[in-house]
Amino acid sequence: MNNINWKKELRLLPCYLIVCVWVVFTAIMIFWILAASLSTSREIFSGEVHKFATGFHWENYATAWRVQNVSLFFRNSLLYSVLSCVGVLAISAPAAYVLARWEFTGGRALRIGLVIAMSVPIIMIIMPIYSLAVRWGIKGWVLLVVLYILMRVPYTTIYLLDFFATLSRTYEEAAYIDGCSASKTFLKIMLPLVQPAIITVTIFNFMSVWNEFFMALVFTTNEDMTPVGVGLLNIINSMKYTGNYGGMFAAVIIVFLPTFLLYIFMSEKIIAGVTGGGVKG
Amino acid sequence: MRKNKSMIFWFCLPAVLSLLIMFVYPVCRTVLMSFFQVESVTSGVGEWRFNGLANYIKIFGSQTFRISMKNMLLIWLVGGVITLALAMLMAVVITSGIRGKKFFRAAIYMPNIISAVALATMWIQYIFNYDYGLLNSVVRLLGGDKVKWLGSDMKFWAMTAAFIFGSVGYYMLIYISGIEGIPQDLYEAATIDGAGQIKKFTRITMPLLTGVIRTSITFWSINTTSFFLWTKMFSPIDTEEYTIVPVVYLYDIVFGGKGVATRDAGAGAAVGVVLTLIIIAVYLIVNRLIKKSDLEY
C-alpha cells in the first residue's frame, strides 16, 4: 500500500478542495489574530501584521495580562473550571454507579429526569436561581462554582452511567467475597476502572465551564469574579477608549489557548466523546 | 450482589438534590411566574399578583419581541439549512476515503471547542473589519469597494455567517458517526451495480441517516432558541433590532438593559415558556414528519 493510487486521489480532488478551503480559512484567521497580537495598532490598521516591521511586540501580552486584568480573569476561569470538574464528579460518580448497578424505586425516574434536564434551556432556570441565590445570600465566585457543578451533573452522571454499565459484576463479587465493603469497592475498584470515562467527561466539563458565558454575565458583579469570556467582552467594550488593538488580540489569544491546547493533545478523545454519548438516531 | 439500600440512598442523594434545586424547582417556578405580575426577579411569591395570560399578551404585543422572534426564526431556518447542508457535505467528503481524514475532521470541529467569545471577536475584529478585515482585503483585491459588513443592513447576516462557521463542525461529527455506522458492503454492491457518487448519497446515505438528521434538527432547534452570546458580541453595548433574539429580549427586561424602563420578570418567564414550547413543538413535529427509517441494516 505504499504506492499512491493517483487515479483514486484525482477522483477525490473536489473533496480535498472543499475541506482545504475550509481549513485554510480557519488557519488564516487564527494566524492573523496571532500576528496582530504581536503588532502595534498602527501596523494592524495599515494591514501589515505579517511583516513584523517593528519586531514582535510581546509587550501586548504583558499589557493584556497585567493592565487589562486578563491574569485575574484567567485565574477565575481556572478556579471555576477545576473546582467544578472535581465537584461534579463527587456528585455524579456515586449516583451513576448505583443507577447502573441496581434497580430500585425512583431509579428510573431519576435517570429520565437527568436526561430531560440535559435539554432544559438555561433561561427556564436562570430567574429562580437568581432569586434563590439572593435569598440564601450566596454570592461571589462560590455561587458560580456551585452553579457550574449543578449544571454539569445531568450530563456527567448519564455519561458515567453508560460506562459503569459495561463493567463486569465479577469485580464486585470478588471484592465482596474478600470482605470489602460496598462503598470501599466503589472507591478502590470501580472508580479506577472507569478512569478513561472520567477523563473524557472531565475534559468536556472543563471546556464547557471555561467557555460558559450566559450565567457568568448574569451573576458577575465585579472584576474579582469575572471569568475570561465576560472579561474579554469588557476589554472589547473599553477598546473605544484605550485604542489598544494589539493588547485586545493578545487577550483573545490568551483566552483561546487553554481549550485549544487541550484540543491539540486530546482531539481524538474529544471527538470520540462528542458522538459517543447519547447521540443516536 | 446484595442490594445495599442505605448505600443507594446516600449515593443518589446529592444527584437528586442537584436535580431538584437546579432544574425541577426553577422550571416549575418559571412556569408559574409567567402567569403572575412579577416586577423584580427577586420578589418573593407573596409579592406576585396573578394576571392570567397578560404576560403572554404583553410580549406578543411588543414589537421588540416580535422582531426578536423573526430574527430567531431566520437564524433557525436559513442558518439551519446552510449549517446542516454544509455539515453533511463535510461529513460525506471526510468519509469519502481522503487522506488526512483525522486532521480535517479535527480542524473543522475546532471552532466548537474554543471560547465562543474569542471566536466571535476574531470574526468581528478581523474577518468583518472595515479597515483591515479579510473580506474587505479580498473585495479590494478583486477591485471592488469596501463593504460595511457590520453596518445596519449587513449585520444580521454577518452574525449568522459567523455563527454557522462555529456550528458546522458539531453537526458534521454527528453525521460522520452516522455515515460510519452504515455497512460498507452496501456501497460496494451499489458500485458493482453501477451507481455513481450522487446516486449512492441519495439512495443509500440519506435514507439510512433519517434518524441522525432528525436528531440534528432537534439539536439545532435547542441551539438557536438559546442564541444569546453572538448577539451580545455583535451588539455589545446597546441591544439593536438587527441582532436581537428572544433570549436577549428576556435578558434586557429581566436584568435590565438600555431602553428598558421597567423590569418585568413575569414577562421574562413568559418568554422562557414560549421558547420551551417551541422546542417541544419542533421535537414533536420533526418526529412525526421524519419517520424513523424502516430500513434495516
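Predicted model: local features only at pLDDT ≥ 70, side-chain atom pairs only at ≥ 80, totals over all residues.
Chain A contains 15 helices and zero strands. Along the principal axes, its C-alpha atoms occupy a box of roughly 75 × 70 × 35 Å, and the radius of gyration of chain A is 24 Å, whereas a compact globule of 281 residues would have a value near 19 Å. Of the 281 residues in chain A, 43% are buried. When the contacts within chain A between residues at least 6 apart in sequence are considered, 75% of them join residues that are at least 24 apart.

Where the two chains meet, 77 residues of chain B are in contact with 75 residues of chain A. On the side of chain B that touches chain A, the largest share is contributed by helix 1 (residues 5-33) of chain B, with 18 residues. By class, this side of chain B is made up of 54 nonpolar, 18 polar and five charged residues.

Within chain B, the axes of helix 2 (residues 54-61) and helix 13 (residues 265-289) come within 9 Å of each other and cross at roughly 80 degrees. Because angles of 65 to 115 degrees count as roughly perpendicular, helix 2 of chain B and helix 13 of chain B are described as roughly perpendicular to each other. Helix 2 of chain B takes part in this contact through B:Asn55, B:Tyr56, B:Lys58 and B:Ile59, while helix 13 of chain B contributes B:Gly266, B:Ala267, B:Ala270 and B:Val271. The residues of this contact comprise five nonpolar, two polar and one charged.

Conventions. Residues numbered from 1 in each chain as written. Chains lettered and ligands numbered in written order. Contact = placed C-beta atoms within 7 Å. Helix = DSSP H or I, 4+ residues; strand = E, 2+ residues; numbered from the N terminus. Nonpolar A, V, L, I, M, F, W, Y, C, P; charged D, E, K, R; others polar. Rg over C-alpha atoms; globule rule 2.2 N^0.38 Å. Buried ≥ 20, exposed ≤ 12 C-beta atoms within 10 Å, placed from the backbone. Axes fitted to C-alpha atoms, helices over the stretch in contact; angles between N-to-C directions. Parallel < 35°, antiparallel > 145°, perpendicular 65-115°, else oblique.
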